[in-house]
Amino acid sequence: MTLIQPFLEFGFMRRALVACIALAISATPLGVFLSLRRMSLIGDALSHAVLPGAAIGYLISGLSLVAMGMGGLIAGLAVALLSGAVSRYTPLKEDASFAGFYLGSLALGVTLVSLRGSSVDLLHVLFGSLLAVDNGALLLVGGIAAFTLTLLAILYRPLVIDAFDSDFLRAQGRWNAPLVHGLFLMLVVLNLVAGFQVLGTLMSVGLMMLPAASARFWSRHLAAMLAIAILMAVISALAGLIFSWHFSLPAGPAVVLSAAMLFFVSILTGPCGGILRRH
């Protein structure tokens, strides 16, 4: 009872938990597909790519949820499209082009925030403020989660085919492979924008990728991996918020740290390739 007491007594703890659960349901399945497509670090790159757009929104409207969210969405999509174009029309590979754009975006975003804001504002943008989630942020995260699940249900089959055999998807002709890839990247950026509102630009990718990477050690079946990843993300959110309350830790990093602990446990004890199981 002591563990769940903060959620019973305080509305800000309940809002933080609901926001994390919504992110777990929508962002973590995308992390599974990113992992299967060997694009895990691209998720990290896109999480930093939203920063300059969010910073421009901050310069125009202050800490406005709508302005920073729209700016982050536009910046993230722009970086995704530019990186794809560079990798398609030049000899540079996609991971290298993403790295170049995201490093520039991160530096530009930090510079823009620093022009007007204080170090506290910069920390808020980079690391989020999970316990300050309000009803507007909840509506945004919930709306993005609902849209993501709907589009994932429509695109599930081509995404699965593309993850295991992209050439077959192109040869099949039933689905437009570049369009599927573009919609998938759009969903990734949308969920990183939602995560940015809650966990900040540096932490938002943690809840997307860590449970997804952990799930691969517990099952070889995609449907089971998706369910396990979501469950691990929810457990990480609950454990992180409990730790942050009882040990006075920053809430966002505590959630991601809990996910990292589950990742290390999975590496050691997971039945599908865990170190201890293999030896």
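This is a predicted model: local features need pLDDT of at least 70, side-chain atom pairs count only at pLDDT 80 or more; totals for chains, interfaces and linings use all residues.
**Ground rules.** I number residues from 1 along each chain as its sequence is written.

**Serine 26.** I found serine 26 in helix 2, residues 11–36. Helices here are DSSP runs of H or I with at least four residues, numbered from the N terminus. Is serine 26 buried or exposed? Serine 26 is buried, because its relative accessibility is 1%; buried means under 20% relative accessible area, exposed over 50%, and partly exposed in between, with a 1.4 Å probe and protein chains only. I then looked up what serine 26 touches: leaving out residues up to four places away in sequence, I noted Ala145, Thr148 and Asn191. Contact means heavy atoms within 4.5 Å. With asparagine 191 there is a side chain to side chain polar contact at 2.6 Å. For a polar contact I need a pair of N or O atoms within 3.5 Å, one able to donate a hydrogen and the other to accept it; residues adjacent in sequence count only if both atoms are side-chain atoms.

**Cores.** A nonpolar core is a set of buried Ala, Val, Leu, Ile, Met, Phe, Trp, Tyr and Cys residues joined through side-chain atoms within 4.5 Å. The largest one has 70 residues, and Val32, Phe33 and Leu241 are among those with the most contacts inside it. Helix 2 gives the most to this core, 14 residues. A second, separate core has seven residues, including Met68 and Phe196. Beyond its neighbours within four places in sequence, leucine 241 has contacts that include Phe7, Leu130 and Val255.

**Cysteines.** I counted zero disulfides, a disulfide being a pair of cysteine sulfur atoms within 2.5 Å. Cysteine 20 is buried at 0% relative accessible area, and cysteine 272 is buried at 16%.

**Cavity.** How many cavities of 30 Å³ or more are there? I found one. A cavity is a set of points on a 1 Å grid over the protein atoms alone where a 1.4 Å probe fits but cannot get out, and lining residues have an atom within 4 Å of a point. Its lining includes Leu23, Ala27 and Asn191. Helix 10 gives the most to this lining, with four residues.

How values were computed:
Side-chain values use heavy atoms; hydrogens and water are left out. Helices (H or I, at least four residues) and strands (E, at least two) are DSSP runs, numbered from the N terminus. On a 1 Å grid over the protein atoms alone, a cavity is a set of points where a 1.4 Å probe fits but cannot get out, and a pocket is an open set with protein on both sides within 12 Å along at least five of seven lines; lining residues have an atom within 4 Å of a point. Grid points are joined across faces, edges and corners, and a volume is the space filled by probe spheres set on the points.
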